[in-house]
Amino acid sequence: TNAAGRRGEAACFWVPPSHSCGLNQIRFTTVGVRCFPPVAANMLLCKRVPALGRRLWQGHGAPSVPELREFIVRNTEAVSGSLSPEIALRLLTPRCPFWSQAARLWPFGDPYWAIHWPGGQALSRYILDNPAVTKGKKVLDLGSGCGASAIAAFMSGATDVLASDVDPLAAIAIGINCELNKIPPLRVATENLIGKIEEKWDVILLGDMFYDEELATDLHTWLTKYKRLHGPEILIGDPGRAEFTKYVGQNWLQKVSEYELPTSTKEENYGLTSSSIWRFV
């Protein structure tokens, strides 16, 4: 079934069981192709329709924060095999219970926070390799997800880090990942900060945020205005998705680094072999 792609162009289709991805997984096409388990697959279907958003929690009423923490820990795996192995993260892996289960059994919203996306991997690596970028700075990590870039900024000496993600479950996952890396809990905001210009940040990080044409336009409008007002360093991590390469603000971008993706990430993202860092100027 074709649908608007959450992390790339608009083609999503079911893969027959004869393919390596297996039955009930989807193959997602853009610059590259990626296979996902049933739960993660629905994250890619449509940016406006949260296919996994129905509350299927088995308890009574809304789950408590301790219950959510326990759910995340029980259903993810602590791994460190990305471009930034210095940072451990709790992610969805083939060894996790929900990897092979029906998507309808996942009781919350789409778990973007449970995948370390290629653009975020490059951002984390760049920050760790170039600590002067964030040392002593006030840093905003927009669309933080698993929190890797925010954690990298803290490890590199940032004095104030805000991890921003509209998913409340991501906020809890970021806290868990801070504990996993033995650092103090970072500030987390679940409010949508796109368009907000009041607070001044020295550095703004955006990993894998240009996955949708409308969102890319909104980001460009905000970043242009914010850059003019506050003059921050703005760094974007992206592996070359179609929406990013067609992004109207290409003339505002300066490529500063490129990283070859780890073998495991290449295998998961067929067609993608590297991820780059761009400075918004």
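## A walk through a predicted protein chain

The accessible surface of the protein chain comes to about 12300 Å², and carbon and sulfur atoms account for 54% of that area. The model is a predicted one, and the values in this text were all computed from it. Along the protein chain there are eight helices and 13 strands, and of its 281 residues, 55% count as buried.

Helix 3, which covers residues 118–129, packs with helix 4, which covers residues 148–155, at an angle of about 0 degrees, and their axes are 8 Å apart. Because angles under 35 degrees count as roughly parallel, helix 3 is described as roughly parallel to helix 4. On the side of helix 3 the contact is made by G120, L123, S124, I127 and L128, while helix 4 contributes A148, S149, A152, A153 and M155. Sorted by class, the residues in this contact of helix 3 with helix 4 are seven nonpolar and three polar, with no charged residues.

From here the reader can turn to T265, which has its place in helix 8, residues 263–268. T265 has a relative accessible area of 5%, and it is buried because buried means under 20% relative accessible area. When its neighbours within four places in sequence are left aside, T265 is in contact with P118 and Q121. With Q121 there is also a polar contact, made between the side chain of T265 and the side chain of Q121 at 3.2 Å.

Two residues in strands come next. S276 belongs to strand 13, which runs over residues 274–280, and with a relative accessible area of 7% S276 is buried. Not counting residues up to four places away in sequence, S276 touches A122, I236, G237, D238, K255, S257 and E258. The other residue, A189, is found in strand 8, and at 16% relative accessibility A189 counts as buried. If residues up to four places away in sequence are again not counted, A189 touches L162, A163, S164 and D165. A189 and L142 are 47 residues apart in sequence, and from C-alpha to C-alpha they are 9.5 Å apart in space.

Most residues other than glycine have a negative phi. K182, however, is a residue other than glycine whose phi is positive, near 55 degrees, and D208, although it is not a glycine, has a positive phi of about 60 degrees. K182 lies in the loop between helix 5 (168–180) and strand 8 (187–189), whereas D208 lies in the loop between strand 9 (203–207) and helix 6 (213–230). Which of the words buried or exposed applies to K182, and which to D208? K182 has 77% relative accessibility and so counts as exposed, while D208, with a relative accessible area of 2%, is buried.

Terms used: Residues numbered from 1 in each chain as written. Predicted model: local features only at pLDDT ≥ 70, side-chain atom pairs only at ≥ 80, totals over all residues. Heavy atoms only, no water. Helix = DSSP H or I, 4+ residues; strand = E, 2+ residues; numbered from the N terminus. Buried < 20%, exposed > 50% of the residue type's maximum accessible area, 1.4 Å probe, protein only. Areas by Shrake-Rupley, 256 points an atom, 1.4 Å probe, with all protein chains shown as cover. Axes fitted to C-alpha atoms, helices over the stretch in contact; angles between N-to-C directions. Parallel < 35°, antiparallel > 145°, perpendicular 65-115°, else oblique. Contact = heavy atoms within 4.5 Å. Nonpolar A, V, L, I, M, F, W, Y, C, P; charged D, E, K, R; others polar. Polar contact = N/O pair within 3.5 Å; in protein donor to acceptor, adjacent residues only side chain to side chain.
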